[in-house]
Amino acid sequence: MIDSRQHVIGKYIPYAFETITVAATAIGLTTSTTYLNSTPKPKKVFITVESAQLRYRIDGVADPTSTVGHVMVPTQSLTLEGYSQLNNFKAIRTGSTSATLQVTYLR
C-alpha cells in the first residue's frame, strides 16, 4: 500500500529539486531554499551533470579550481550523503562553458 508517511525504514524520500548553473566561481548547493531551511534537513542528494565539464570538492578545505578537484563530465552522476558532504560540496566549470547540475534532495 502506498501512503503519505514520511518514515520508511531504509528508504529516502525525494522532496525537492533544483537546477544549478556552475560558472567561473565555485558554487555549492542552494542553502537559502531547499537545504538549510527545510525540516527535516536533507540526508542525501543525487546530482547529474549537463552541458559542460566541471570539477568539484567535498572536503571543505578549499574551493575547487578549473584545474584542481574531481572531474565530472556531462551525463555523469554523483550521490552525496550526510551533512558534511552536502554542506562542503562546491563545483566550478573547467572551460568557458558553464555546466548545469540537476539536483534531487532526499530525506
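**View 1. Val45 lies in strand β2.** Strands are DSSP runs of E with at least two residues and helices are runs of H or I with at least four residues, both numbered from the N terminus. The model is predicted, and local features need a pLDDT of at least 70 while side-chain atom pairs count only at pLDDT 80 or more, although totals for chains, interfaces and linings use all residues. Residues are numbered from 1 along each chain as its sequence is written, and side-chain values use heavy atoms, with hydrogens and water left out. Setting aside residues up to four places away in sequence, Val45 touches Leu29, Leu78, Thr79, Leu80, Leu86, Val103, Thr104, Tyr105 and Leu106, where a contact means heavy atoms within 4.5 Å. Between Val45 and Ala16 there are 9.6 Å in space from C-alpha to C-alpha, and the two are 29 residues apart in sequence.

**View 2. The protein chain as a whole has two helices and seven strands.** Along the sequence these elements follow the pattern β-α-β-β-β-β-α-β-β. The protein chain has 107 residues, of which 33% count as buried. Among contacts with a separation of 6 or more in the protein chain, 76% come from residues 24 or more positions apart. The protein chain exposes about 6300 Å², and carbon and sulfur atoms supply 54% of that area; such accessible areas come from the Shrake-Rupley method with a 1.4 Å probe, and for residues only the protein chains shown count as cover.

**View 3. Four strands form an open sheet in the order β1-β7-β2-β5, with antiparallel pairing.** At the edges of this sheet are β1 (14-22) and β5 (77-81), each of which pairs on one side only. From one strand to the next the twist averages 20°, taken between axes that are lines fitted to C-alpha atoms (for helices over the stretch in contact), with angles that run from 0 to 180 degrees between N-to-C directions. Two strands are said to pair if DSSP finds at least two bridges between them. Strand β2 (residues 44-50) pairs with strand β7 (residues 99-106) in the antiparallel sense over seven bridges, and β1 pairs with β7 in the antiparallel sense over eight bridges. Val49 has Leu101 of β7 as its bridge partner. Strands of a sheet pair through backbone hydrogen bonds, either parallel or antiparallel.

**View 4. Gln102 is found in strand β7.** This strand is mostly covered, since seven of the eight residues of β7 are buried. With a relative accessibility of 16%, Gln102 itself counts as buried. Gln102 is the bridge partner of Thr19, and Thr48 also stands opposite Gln102. The side chain of Gln102 makes a polar contact with the side chain of Glu50 at 3.3 Å; a polar contact is a pair of N or O atoms within 3.5 Å, of which, within protein, one must be able to donate a hydrogen and the other to accept it, and residues adjacent in sequence count only if both atoms are side-chain atoms. Apart from neighbours within four places in sequence, Gln102 is in contact with Phe17, Glu18, Thr19, Phe46, Ile47, Thr48 and Glu50.

**View 5. The largest nonpolar core has 20 residues, and those with the most contacts inside it are Leu29, Val45, Ile47, Leu54, Phe89, Leu101 and Val103.** At least two residues of this core come from each of β1, β2, β3 (54-57), β5 and β7. Strand β7 gives the most, with four residues. A nonpolar core is a set of buried Ala, Val, Leu, Ile, Met, Phe, Trp, Tyr and Cys residues joined through side-chain atoms within 4.5 Å. Leu101 touches Glu18, Thr19, Ile20, Val22, Ile47, Thr48, Val49, Leu54 and Phe89, when residues up to four places away in sequence are not counted.

**View 6. Three strands form an open sheet in the order β4-β3-β6, with antiparallel pairing.** Because β4 (70-72) and β6 (90-93) stand at the edges with a single partner strand each, one side of each is left without a neighbour in the sheet. Neighbouring strands of this sheet are turned against each other by 30° on average, direction ignored. Strands β3 and β6 pair in the antiparallel sense over four bridges, and Leu54 stands opposite Arg93 in β6.

Definitions and conventions
Buried means under 20% relative accessible area, exposed over 50%, partly exposed in between (1.4 Å probe, protein chains only).
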